[in-house]
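Visitor: I am new here. Please show me the structure, and then let me ask about it.

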Amino acid sequence: MAISFLRGSARIIASGDRAYKIWVGALLTLIAVGLFAYSFQLRQGLIATNMRDQVSWAFYVGNFTFLVGIAAAAVMLVIPAYVYDWGPIKEVAILGELLAISAIIMCLLFVLVDMGRPDRFLHIMPMLGSPNFPVSIMAWDALVLNVYLAVNLTVVGHILFKGFYGKDYNKKIVIPLVLFSIPMAVSIHTVTAFLYNGMSSRPYWNSAILAPRFIASAFCSGPAVLLVLFQVLRKRTGLPIKDEAIQKVAELMAYTMFLNLFLLGAELFKEYYSATEHLLYTQYFWSGIGPHKALVPYAWGGLLATIIAFFIFLVPKWRRNMTLLNIGCGLIYFGVYIEKGMGLVMPGMTPDTLGEIYEYRPTFVEWGVTAGIYGIGFLVFTLLVKLAVPIMSGHFSAAHIDPVITAPDELEAEAH
Amino acid sequence: MNPMTTSNNSGGCGGSEAVDPGRRDVLKFLAVGATMATGAACDLEGFFRKSFRELSPADVRRMVTGWERKYSRKYGKAVTVSEAGPIDGVKFGYGLDLSRCVGCRRCVYACVEENNQSRKEPQIQWIRVLEMDKAHGIDINHSDIYYDAAEVPRPGKFYMPVQCQQCDDPPCVKTCPVGATWKEKDGIVVIDYDWCIGCRCCMSACPYGARHFNWAEPSLPAQEMNPKTHVLGNRPRPKGVVEKCTFCIQRTREGQYPACVEICPVGARKFGNLLDPESEIRQAMDNKRVFILKEELATHPSFFYFYAT
């Protein structure tokens with residue numbers, strides 16, 4: 001029976017209209033660019049990036065951090081959908097989990113490409129290597145990310161597999177796993193925040209509200225991606241996603257956006273009012289240090305985008321306007337990408353611990369590798385959605401499938 | 001280079017009886033996949049190895065012999081790799097007299113030569129000399145490391161060399177996800193270059209900028225290679241791993257001074273056994289007033305600064 005599911009899935013993935021094929025073709029091109037760039041980086045070493053001893057984490061780690069937030073935000077849809085058995089959102093919660101899977105895969109890839117010795121990745125795995133538990137936060141991060149990925153893959157795989165045979169999922173498996181995935185989602189982002197937060201050498205990161213800020217901003221950017229996706233899917237696949245579901249998510253986002261801005265304000269007050277030597281890093285981000293102002297336009301652009309998005313989501317009349325809502329989603333996504341990507345990593349390391357200012361800008365190789373990883377993430381998501389939508393809507397199931405694929409004896413075996 | 005020879009020296013590590021057979025099979029299976037996946041020339045022998053601290057003395061000996069052969073062939077000279085451990089009753093301490101230092105950077109280059117750092121593109125230096133204003137005192141965030149050493153000492157300026165402070169509570173060791181770096185009994189913080197995954201957490205965690213990454217394949221001309229090496233110190237490093245000052249472990253564990261102490265033309269650098277009241281460093285600590293860098297971070301360095309004159 002697994003064979004017919006796999007064969008049918010392969011067929012679904014391989015077929016599609018022109019737009020689908022162009023989209024997949026574009027993603028494959030991005031992946032090819034990424035592979036080319038990464039093979040260059042493997043040969044040259046990380047010298048192919050613009051990272052140096054002064055700024056030893058940069059674009060890859062920034063993207064990693066941002067995407068952990070996207071993955072964690074899937075929980076926002078999972079909580080009401082499963083725990084409260086709440087109608088309108090339930091049918092789309094599975095999309096959140098698919099997004100989480102894709103985002104985690106991208107996270108793990110960003111960590112891998114940032115490693116000087118990717119061939120030694122097993123050293124961090126329990127049993128196989130020697131993870132430095134319990135003191136190393138990075139060891140914990142690798143653990144929770146992999147467990148979160150496994151949990152989501154299990155839940156989604158099980159629901160789709162059962163759905164394919166027209167059966168309800170096994171509540172004894174799904175409910176405990178989903179309940180478990182809620183603290184997991186919070187933990188992946190908290191642990192990622194602690195990775196920075198725990199470093200006393202970097203005053204910019206060494207702030208107690210870093211983890212709360214991570215969670216708040218994740219609950220802005222993650223749902224922003226989903227809201228746009230819901231509309232695309234509704235239009236292209238006829239998946240019954242109600243306006244009610246979209247508006248509920250949008251309303252929740254207004255609260256988290258407020259919290260996100262409030263926490264940023266609290267951080268800025270502390271830095272600027274106390275104005276210690278540690279203010280330097282915050283200054284580098286918002287106003288630059290001397291001639292070094294590379295991040296300043298991004299800092300203000302990101303803040304402006306975040307504030308405008310907040311008001312769009314806050315005013316009910318505005319967020320009900322789908323065009324405005326989509327603009328708001330784009331703005332908050334951009335705002336959080338700046339804040340939790342480069343806006344987090346770069347000022348943390350500039351100036352470095354001995355006061356040197358090295359202004360980092362990604363190289364073409366870094367852009368290429370990054371494009372490739374986003375290509376892989378989008379492709380994984382596209383294929384998963386392509387598979388999940390017909391199963392969820394009942395158009396793809398053992399009953400509908402070509403009899404050649406589902407041999408009668410297999411169906412019989414399933415019936416028994 | 002030759003896969004046959006490299007597997008020779010790994011006979012002890014890869015084929016080590018201490019690894020349980022089930023785990024080895026899994027590793028082998030995964031190793032093949034990983035090799036294909038990364039496409040890099042990652043040697044399987046290194047892949048099967050255990051972390052340094054798990055190895056038996058016999059395993060270490062076998063490995064060291066293998067490295068000696070490999071390096072001797074590569075650099076065309078008799079290279080020795082010492083595995084000398086810490087000496088009982090010794091904890092190393094370092095003193096730096098700020099009133100003497102003139103900022104000539106001779107220590108920087110002596111260190112590069114002694115410890116087989118990459119010579120160019122980029123050159124890796126374990127010591128950074130900060131130039132600061134006499135008018136402001138120690139103000140690391142506004143220091144300059146790119147001053148012209150031909151003009152020192154410049155008026156109104158003073159100099160502060162910074163290298164690994166060999167902390168008693170090292171944040172770098174705490175953060176390493178794979179335990180590839182640790183503090184030895186004699187106080188030296190070391191790295192297992194064959195276990196480091198190159199994630200650079202330790203570089204983010206170090207408050208002293210003491211850790212340096214091999215961004216490219218290190219360039220070490222054969223004629224400049226120092227053949228007297230230590231397993232945890234100045235033996236040649238591969239690209240993609242972190243390295244740092246080890247108080248010249250290959251010298252100090254044999255009773256010699258670190259290269260930077262020896263080269264210093266003004267005698268600003270003191271070194272010795274913190275547990276020996278007669279040692280140079282203890283004399284400085286007892287008779288002068290010393291301070292440590294970034295004491296608020298509670299890293300408890302074994303590296304002390306003082307003003308002797």
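Visitor: In which handedness of crossing does α6(A) pass α7(A)?
Guide: This is a predicted model, in which local features need pLDDT of at least 70, side-chain atom pairs count only at pLDDT 80 or more, and totals for chains, interfaces and linings use all residues. Residues are numbered from 1 along each chain as its sequence is written, while chains are lettered from A and ligands numbered from 1 in the order in which they are written. Helices (H or I, at least four residues) and strands (E, at least two) are DSSP runs, numbered from the N terminus. A crossing is left-handed if the near helix is turned anticlockwise from the far one by less than a right angle, and right-handed if clockwise; that of α6(A) past α7(A) is right-handed.

Visitor: Are α6(A) and α7(A) parallel or oblique to each other?
Guide: Axes are lines fitted to C-alpha atoms, for helices over the stretch in contact, and angles run from 0 to 180 degrees between N-to-C directions. Helix α6 (171–197) and helix α7 (210–237) of chain A pack at about 135°, with axes 8 Å apart. Under 35 degrees is roughly parallel, over 145 roughly antiparallel, 65 to 115 roughly perpendicular and the rest oblique. The two helices are therefore oblique.

Visitor: How many C-beta neighbours inside 10 Å does His300(B) have?
Guide: His300(B) lies in the loop between β11 and β12 of chain B. Its phi is positive, about 50°, although His300(B) is not a glycine. A residue is buried with 20 or more other C-beta atoms (placed from the backbone) within 10 Å of its own, exposed with 12 or fewer, and partly exposed in between. His300(B) counts as partly exposed because its C-beta neighbours number 13.

Visitor: Is Ala298(B) buried or exposed?
Guide: Ala298(B) is in the loop between β11 (290–291) and β12 (303–306) of chain B. It has a positive phi of about 55° without being a glycine. Because 11 other C-beta atoms lie within 10 Å, Ala298(B) is exposed.

Visitor: Which residue does a cis peptide bond join to Val152(B)?
Guide: Most peptide bonds are trans. Here omega is about -10° and the bond is cis.

Visitor: Which residue does a cis peptide bond join to Thr350(A)?
Guide: Omega is about -5° at this bond.
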